[in-house]
Amino acid sequence: MTVPPVVKVLLQVVLSGTYTPFDIRQFVHLCFKLALPLVRKKIALGKVRPDILRLGEHDIVIDCLADLFRRDSQGRFEMIESHFKDTDLGTMDQAEALATLRSLVFQAVGRGIIRVLSEADPVLSKVLRNTKLAVQKTGLFVEMEQFGETYLVPRGYHWDSNTPPMPPERMEQLFFREVQVSDSAMIMIRKLHAVLVKEKQYQPKVPFVGIALMFRRIHTSAWEAESTEEARTRQQSEDPMSVAELARLAAEVCKEMRSVFYRRDDKKRFLDIYIAVVQEVLVDEHNGHVRDGYTYYERLKKHMPKLTRAEYVQKHKKKLEYLAKSGKKRMSDEVKRVFFGSRVVL
């Protein structure tokens, strides 16, 4: 990439807070150009699946960079300022300024990819969270950022830099010999550490997301078995609540919510659509048919086909999630009242 002559100037005005709307557009475009090749590389390597995320590569880039451009009440870019706080832009040339900015953008992409994957896959989100906690609690690994990806490296372990990284298929083969589906994340991390330090012919450096995906495959097999048993138990229940009854209660709850929030909200343009999405969520969740990966964004996109993820995060996410949380509480109260209140106590 040719070094744009305005990199240093753009950084200076953004960090000083004296920027204009035109400056911000240029800066966002520059960050986008830095991030796009990295996202394309992750897609080519199969680390990111646009078909699963239901996003184009441009939408993925925008979503990953969203946090980078968040401003505080004074209009300061906190994340950007934090990254550059110990650097002296005045002594840098254009190439150095670009390299420092690229490092920030790659870090943002790395974090953003994890967040996008988590939003698209609730099961993976849980595994990522538990794996992160296990790494922190065991203290066996340190996290290392490299080219927009987080790696786990055994703490205090030194290896020959000429050795190759362990192929993913070899990693799985060795790890699956040791692990059991009942193992907790803490036990899995300990077993992963043992496998890595034992294989001297490979670098003991593994991608965090790749490890989480491997853990997910193990957890999913156990969770699917539990879910099958739970579903069988629900079907054998003596007094199940019918889908029609759940739909009726959800409709009543949403009708009441619409009345309440219509009076409160002076921006009513999207309220009916939000309520329709919430009603779908209430029926699905109380009927035990929650669809993995079927996020609020995807539900809303059914009603608004042209909706992008960036637009969803910026304009709709906060309000929709608040309404859904409110609706779930009301629905839960109604289900308890109708379901348990109708029983005859002997």
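The model is predicted, so local features need pLDDT of at least 70 and side-chain atom pairs count only at pLDDT 80 or more, while totals for chains, interfaces and linings use all residues. Residues are numbered from 1 along each chain as its sequence is written, and side-chain values use heavy atoms, with hydrogens and water left out.

**Stop 1: two helices**

Select residues 57-65, helix H4, and residues 94-120, helix H6. Helices (H or I, at least four residues) and strands (E, at least two) are DSSP runs, numbered from the N terminus. The two helices pack at an angle of about 105°, with axes 7 Å apart; axes are lines fitted to C-alpha atoms, for helices over the stretch in contact, and angles run from 0 to 180 degrees between N-to-C directions. H4 is therefore roughly perpendicular to H6, a term for angles of 65 to 115 degrees.

Next, display the side chains. On H4, Ile60, Asp63, Cys64 and Leu65 are in contact (heavy atoms within 4.5 Å) with residues of H6, among them Val105, Ala108 and Glu119. This contact comprises eight nonpolar, one polar and three charged residues. Here Ala, Val, Leu, Ile, Met, Phe, Trp, Tyr, Cys and Pro count as nonpolar, Asp, Glu, Lys and Arg as charged, and the others, Gly among them, as polar.

**Stop 2: the largest cavity**

Select Lys42, Lys47, Gly110, Ile113, Ile114, Gly148, Glu149, Thr150 and Val209, which line the largest cavity. On a 1 Å grid over the protein atoms alone, a cavity is a set of points where a 1.4 Å probe fits but cannot get out, and lining residues have an atom within 4 Å of a point. The volume is about 80 Å³, meaning the space filled by probe spheres set on the points, which are joined across faces, edges and corners. H6 gives the largest share of the lining, three residues.

**Stop 3: the second largest pocket**

Select Lys47, Pro168, Pro207, Gly210 and Ile211, the closest to the pocket's centre among its 20 lining residues. A pocket is an open set with protein on both sides within 12 Å along at least five of seven lines. This one holds about 540 Å³ of space. Helix H10 gives the most to the lining, six residues.

**Stop 4: His193**

Finally, select His193 in helix H9, residues 185-198. His193 counts as buried because its relative accessibility is 19%, and buried means under 20% relative accessible area (1.4 Å probe, protein chains only). Beyond neighbours within four places in sequence, His193 is in contact with Leu140, Phe141 and Pro154.

Methods. Parallel < 35°, antiparallel > 145°, perpendicular 65-115°, else oblique. Buried < 20%, exposed > 50% of the residue type's maximum accessible area, 1.4 Å probe, protein only.
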